[in-house]
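Here are my notes on the model, point by point. Please read them with the structure open.

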Amino acid sequence: MRYSLIKRTQFGPLDYIHQGWMKLTLGLSFVFLYAPLLILVIFSFNDSRRNIVWRGFTTKYYEKAWNNDGLIEAFANSLTIAFFSTIVSTILGAMVALLLWRFRFPLKGAYEGAMTLPIVIPEICMGVAMMAFFSRVGWPSGLVWPFNLSAITIAHISFSFPFVAVIVRARLANFNLELEEAAKDLGASEWQFFRDIMIPFMKPGLIAGALLAFTLSLDDFVITFFTSGPDTVTLPVKIYSMVRFSVTPEINAASTVLIAITLLLTTIALWLQNRTGQKLGH
Amino acid sequence: MNQSSKTVIEISRVSKRFGNVVAVDDNSLVIHEGEFFALLGPSGCGKTTLLRMLAGLEVPTEGSILIDGEDMQGVPPNHRPINMVFQSYAVFPHMTVFENVGYGLKVTGVPVPALRDAVMTALDQVQLGDYQDRMPDQLSGGQKQRVALARALVKKPKVLLLDEPLSALDAKLREAMQLELVKLQNTVGITFVIVTHDQDEALSMADRIAVINEGRIEQIAEPRAIYEFPANRFVADFIGKMNVFDAKATSEGDRIAIEASDVGSFTVSHREDMRPDQINAVAIRPEKTRLTSQPPDNSLFSAEARIVNIAYHGKETAIFVEIGQHTELACAVQNTSRSQQLPEIGDICWVSWKADDVLLLE
């Protein structure tokens, strides 16, 4: 009766969810990720000028934030920059991904490395480099809106498009080359093949890449801080300057709005992706 | 069946090299209109490269390809009167069955009503009439293949190319599709060129077969001729099973006397394309041998043998016998009755064959 010595269990060997340490890991990760965000959101409704003690529910700080012209202007700047940066980085990133996937050329490995380097370069270095670059080339400042945002937008494009390239490149790795041959065999020209087969295939990667580029641009602080002038303040930079005076629920409110927008966009993107998936799968 | 003698494809002295590797080596080939033609060979023999050169997906290093009398040099795939069914089927994953089949017409600007009629006709031809709104991932492998077929047929090509079309299907479906492809080809009357490594497929479907090895065409002939009269040792060995023995041959009047070391000697009819001193081996197919417990009459060549192994295959049994000390021979016995008695390992028997069923090899 060898087996009488063994402690018997009612769970299968891979039913880890029943183990205590598994539940602990799940719980802790949630606390680490969401406790600060939750407190931020809760205290945006706090009826107190100070952010420490709860004194009752109010939405007046949302009103106050809405009526803060500086904050709204910064928010409009952020959205404008994010919009243009997303469009350009998505197109540029997709083109780089196609180039790397489709063609062989000398020093391709070096080029591929150079393309992904901005992902790992410390942001502070990028920021200083951008500042030095724009002052060296004498980039005009004080232009009319939205051209006064051009320097920040260019800086944002330069750190966003490698992310798009990586995502689209990963998607392309699964492309069946016979699809291209089949399209050409059926009479499609290069352009028709690209429009009818290639772009629909890349679409999930393009959506995910664009979304990432948008959020990267919207919440970037370090690089923006170094490339923005006094008249080109973005939302993160504005929030930072407000914090320097005092941490008020108004800042919480503005941050909560930023979180809400990011969440909304992510949901929309996931839903779009899901819908194309369902159309394929249904 | 319905082929005329009109040439639709003329390949002359075509070679294809990838760097130092010669994939296709100086081949010439003529394919007639309405023919079901098979390119047969082991994997890596260059048959697919040859097919891809017809489609324009590869460019020959040397030689010329004429399709319907026109030189195809420099003509890109989208301007060739040829369509292809790809090995992976290459059905566009984001398009419905209808959109897939209609794609080749849409890109060339066929108006919608004509496109709709043509697509529905093509879908009916491959029995997918009710599947027009399905997405590819809702289809089985066999159905995807039909979509790929319809998509190519709807273009009404001069020649339809099929790259290993049945290799991904299971055995039962493969057999059904073999028959269906032949039927379809008879209906549409288009020349089919199929690439396959499966000899059964080639033998059962094709009007003519080109057997290819290491980039060179070894023999072009009808299936029966390929099987019964293989041109050389490679074809004999590649198609079906074959027992090959070393042998010496000498002229003996109007016949040839064969002396095969362990097996014995016999005479066969004279072959005009081969001198006796060129013959170094003889071969006999397993199903052309007979096993008997008593010596057969003198009209057959026979040798005493010992049974060394038996493999039961259901419809037939492969019996391996040893003649003398070193020569092993496979015999196929049809299991024509349930009550049929099979010999046992170690039994002594007589193996015999008609002398003229023996194949002479260089």
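1. Helix α5 of chain B covers residues 171–188 in this predicted model. Its 18 residues, at 1.5 Å a residue, should span 26 Å. The C-alpha atoms at its ends are 26 Å apart, so expectation and model agree.

2. Which residues of α5(B) are buried? They are B:Met177, B:Leu181 and B:Gln185. Viewed down the axis of α5(B), the buried residues fall within an arc of 70°, so they line one face of the helix. The general rule behind this is simple: an α-helix has 3.6 residues a turn, so residues three or four places apart point the same way.

3. What do the buried residues of α5(B) pack against? In chain B, their partners are β3 (36–40), α4 (141–153), β8 (191–196) and α6 (199–205). The face turned away from the buried side carries exposed residues. These are B:Lys172, B:Leu179, B:Lys183, B:Asn186 and B:Thr187. Just after α5(B) comes B:Gly189, with a positive phi of about 70°.

4. Chain B has an open sheet of 6 strands with mixed pairing. The strand order is β6-β7-β8-β3-β9-β10. At the edges stand β6 (82–85) and β10 of chain B. Each has a single partner strand, so one side of each is left without a neighbour in the sheet. On average, neighbouring strands of this sheet are turned by 20° against each other, direction ignored.

5. Strand β6(B) runs parallel to β7 (residues 159–163) of chain B, and 4 bridges join them. B:Met84 sits opposite B:Leu161 in β7(B). For reading side chains here, note that in a regular strand they alternate between the two faces of the sheet.

6. In which sense do β17 (residues 316–323) and β18 (residues 327–334) of chain B pair, parallel or antiparallel? The pairing is antiparallel, over 8 bridges. B:Glu322 has B:Glu328 in β18(B) as its bridge partner. The hairpin of β17(B) and β18(B) has 3 residues between the strands. In this hairpin, B:Gly324 takes a positive phi near 65°.

7. Two residues other than glycine deserve a backbone check. A:Leu107 has a positive phi, near 60°. A:Leu107 lies in the loop between α3 (69–102) and α4 (108–120) of chain A. Is A:Leu107 buried or exposed? A:Leu107 has 9 other C-beta atoms within 10 Å, so it is exposed.

8. B:Glu214 lies in the chain B loop between β9 (208–213) and β10 (216–221). B:Glu214 is partly exposed because 15 other C-beta atoms lie within 10 Å.

9. Where is B:Glu58? B:Glu58 lies in the loop between α1 (47–55) and β4 (62–67) of chain B. With 18 C-beta neighbours inside 10 Å, B:Glu58 counts as partly exposed. Leaving aside neighbours within four places in sequence, B:Glu58 is in contact with B:Lys16, B:Thr49, B:Arg52 and B:Met53. B:Glu58 and B:Pro76 are 18 residues apart in sequence, while their C-alpha atoms are 9.6 Å apart in space.

Technical notes
Residues are numbered from 1 along each chain as its sequence is written. Chains are lettered from A and ligands numbered from 1 in the order in which they are written. This is a predicted model: local features need pLDDT of at least 70, side-chain atom pairs count only at pLDDT 80 or more; totals for chains, interfaces and linings use all residues. The expected span of a helix is 1.5 Å times one less than its number of residues. A residue is buried if 20 or more other C-beta atoms lie within 10 Å of its own, exposed if 12 or fewer, and partly exposed in between; C-beta atoms are placed from the backbone. The arc is that of the directions from the helix axis to the C-beta atoms. Two residues are in contact if their C-beta atoms, placed from the backbone, lie within 7 Å. Two strands pair if DSSP finds at least two bridges between them. Axes are lines fitted to C-alpha atoms, for helices over the stretch in contact, and angles run from 0 to 180 degrees between N-to-C directions.
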